[in-house]
Amino acid sequence: MAKETKGKRATAWRKDGGTPEIEDGMLLLRAESDGTVYTENGRIFHTGVTLEIPKGCAALLTGAPTLNWERGCCAAPELLSGCAEIRVKLYNHGRSYVDIHKGELIAQVVFAHGPIECKELESAD
């Protein structure tokens with residue numbers, strides 16, 4: 001059964017008191033500090049953004065296209081729900097290390113429109 005989400009909105013805020021960045025309906029996430037992602041490894045970056053998603057709604061975290069296409073580094077797609085600070089795990093599939101700089105765009109959050117249908121999965125046993 002679909003959950004009623006009419007009038008519900010996700011809420012985002014920055015721990016530094018700034019306003020989260022939104023472009024084309026997506027929440028843009030930037031690295032809170034410098035860091036290096038070494039070849040065939042992953043690293044978690046804090047974004048300083050907390051996101052609260054109402055029950056029955058969902059959002060998808062995806063990597064920034066420029067990191068994927070130009071630098072061989074990608075974020076693991078993640079379905080977000082509830083309320084938490086957003087941390088992004090970047091993976092480096094390239095042949096050399098990737099330096100991430102404070103303020104660099106590393107991921108974006110795309111919001112689902114309309115009701116989300118939730119079903120229980122049945123065991124295959």
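Strands S6 (59–63) and S11 (105–111) pair in the antiparallel sense over five bridges; two strands count as paired if DSSP finds at least two bridges between them. This is a predicted model, in which local features need pLDDT of at least 70, side-chain atom pairs count only at pLDDT 80 or more, and totals for chains, interfaces and linings use all residues. Residues are numbered from 1 along each chain as its sequence is written, and side-chain values use heavy atoms, with hydrogens and water left out.

**Overall build**

- The protein chain has one helix and 11 strands. Both are DSSP runs, numbered from the N terminus: helices are H or I with at least four residues, strands are E with at least two.
- From the N terminus, the order of elements is β-β-β-β-β-β-α-β-β-β-β-β.
- The chain has 125 residues, and 32% of them are buried. Buried means under 20% relative accessible area, exposed means over 50%, and partly exposed lies in between (1.4 Å probe, protein chains only).
- Take the contacts between residues at least 6 apart in sequence: 71% join residues at least 24 apart. A contact means heavy atoms within 4.5 Å.
- The accessible surface comes to about 8,400 Å², and carbon and sulfur atoms account for 50% of that. The areas come from the Shrake-Rupley method with a 1.4 Å probe; for residues, only the protein chains shown count as cover.

**Strand pairing around S11**

- Leu 28 has Gln 108 in S11 as its bridge partner.

**Nonpolar core**

- The largest nonpolar core holds 23 residues, and Ile 86 and Leu 90 have the most contacts inside it. Such a core is a set of buried Ala, Val, Leu, Ile, Met, Phe, Trp, Tyr and Cys residues joined through side-chain atoms within 4.5 Å.
- Strands that each supply at least two residues of this core include S3 (26–30), S7 (73–75) and S11.
- S5 gives the most to this core, with four residues.
- Not counting residues up to four places away in sequence, Ile 86 touches several residues, among them Leu 27, Leu 29, Val 49, Leu 51, Leu 61 and Val 109. His 46 and Thr 47 are also touched by Ile 86.

- The model has one aromatic pair. Rings of Phe, Tyr and Trp (its six-membered ring) pair if their centres lie within 6.5 Å; planes under 30 degrees apart count as stacked, over 60 as edge-to-face and the rest as tilted.
- The ring centres of Tyr 38 and Tyr 97 are 6.4 Å apart and their planes stand at 50 degrees, so this pair is tilted.
- The pair links distant parts of the chain, 59 residues apart: Tyr 38 is in the loop between S4 (35–37) and S5 (42–53), Tyr 97 in the loop between S9 (82–92) and S10 (98–100).
- Tyr 97 is exposed, at 51% relative accessibility.
- Thr 39 also lies in the loop between S4 and S5. Thr 39 is partly exposed, at 29%.
- Thr 39 touches Asn 92, Gly 94, Arg 95, Ser 96 and Tyr 97, not counting residues up to four places away in sequence.

**Cysteines**

- The count of disulfides is zero, where a disulfide is a pair of cysteine sulfur atoms within 2.5 Å.
- For Cys 74, the nearest cysteine sulfur is that of Cys 73, 6.7 Å away.
- Cys 74 is partly exposed at 23% relative accessibility. Cys 83 is partly exposed at 48%.
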